[in-house]
Structure formats: structure tokens, C-alpha cells
Amino acid sequence: MKHLICKLKIKAVIAAAKTRYILSGSRGEGYIDTAIKILIAVVLGALLLAGLYALFGETVLPTLTQRIKEMFNYAG
């Protein structure tokens, strides 16, 4: 009986040490880090798309439509 109690005590000490090691560890990547990375990527992508839309909407498309009208204007 003493031997069984000693084995259980050793297993409990080992389990406590493993638990302490796991809880005190700072390795790995958490969910919050991943969520922040995804959020930053979405915001940067939206800013890039908004910039491209503004560029094409105000600069490229008006001159493009003018060039197409001039290209197909056979009368003038």
C-alpha cells in the first residue's frame, strides 16, 4: 500500500510540474495574434482597393472614354 501511495505522489508531482511548464510557457501563436494579422490584411486591402478605385475613377476612366469616343467618331 505504501508503494502505491508513493507512485501516486510521484505521478501527482510530475503532473503538477508539466502543468506549471505548460502554463508558464510563452511559445506558439494565439488566436488573438492571428485575428489581428487578418484584420490588418483586410484593412490594408480595402485601402489599396479604395486607392485604385479613386485613381481609375477620376484619372484613367474619363480619358479612356474620351479616347474611345474619338476612335469611333467617324464623322469628325
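Mentor: Let us begin with one residue, keeping in mind that this is a predicted model; Phe56 has its place in helix 2, which covers residues 31-71.

Trainee: Is Phe56 buried, partly exposed or exposed?

Mentor: A residue counts as buried under 20% relative accessible area and as exposed over 50%, with partly exposed in between. Phe56 has a relative accessible area of 41%, so by these cut-offs the class of Phe56 is partly exposed.

Trainee: Which nonpolar residues form a patch on the surface together with Phe56?

Mentor: The patch has about 1200 Å² of accessible area together. Besides Phe56, its members are Leu48, Leu49, Leu52, Leu55, Val60, Leu61, Leu64, Ile68, Met71, Phe72 and Tyr74.

Trainee: What relative accessibility does Leu49 have, and how does it count?

Mentor: Leu49 lies in helix 2 and belongs to the nonpolar patch. Since the cut-off for exposed is over 50%, Leu49 counts as exposed, at a relative accessibility of 60%.

Trainee: How far apart in space are Leu49 and Gln66, C-alpha to C-alpha?

Mentor: In sequence, Leu49 and Gln66 are 17 residues apart. In space, the distance from C-alpha to C-alpha for this pair is 24 Å.

Trainee: And what is the distance in space between Val42 and Leu55?

Mentor: Val42 is found in helix 2 and is exposed, with a relative accessible area of 52%. Val42 and Leu55 are 13 residues apart in sequence, and their C-alpha atoms are separated in space by 20 Å.

Trainee: Which annotation covers residues 35-56?

Mentor: In the model, the chain over residues 35-56 is 100% helix and 0% strand, with the end C-alpha atoms 31 Å apart. The annotation itself comes from an unreviewed UniProt entry, and for residues 35-56 it reads "transmembrane region".

Trainee: What span does helix 1 reach from its first C-alpha to its last?

Mentor: Helix 1 takes in residues 2-24, which makes 23 residues, and the count of buried residues among them is zero. At 1.5 Å a residue the expected value is 33 Å, and the reach of helix 1 is close to that, at 33 Å.

Trainee: Why is the protein chain described as more spread out than a compact globule, and what is its radius of gyration?

Mentor: The protein chain has two helices and zero strands. For 76 residues the globule rule gives 11 Å, and the computed value is well over that, so the chain is more spread out than a compact globule. Its C-alpha atoms fill a box of roughly 110 × 15 × 10 Å along the principal axes, and the radius of gyration is 33 Å.

Conventions:
Residues are numbered from 1 along each chain as its sequence is written. This is a predicted model: local features need pLDDT of at least 70, side-chain atom pairs count only at pLDDT 80 or more; totals for chains, interfaces and linings use all residues. Side-chain values use heavy atoms; hydrogens and water are left out. Patches are made of residues with over 30% relative accessible area and no salt bridge: like charges are joined within 9 Å, nonpolar side chains (Val, Leu, Ile, Met, Phe, Trp, Tyr) within 5 Å. Accessible areas come from the Shrake-Rupley method with a 1.4 Å probe; for residues, only the protein chains shown count as cover. A salt bridge is a side-chain nitrogen of Lys or Arg within 4 Å of a carboxyl oxygen of Asp or Glu. Helices (H or I, at least four residues) and strands (E, at least two) are DSSP runs, numbered from the N terminus. Buried means under 20% relative accessible area, exposed over 50%, partly exposed in between (1.4 Å probe, protein chains only). UniProt positions are given in the numbering used here, feature names are shortened, and annotations may be inferred rather than shown by experiment. The radius of gyration is taken over C-alpha atoms; the globule rule is 2.2 Å times the number of residues to the power 0.38. The expected span of a helix is 1.5 Å times one less than its number of residues.
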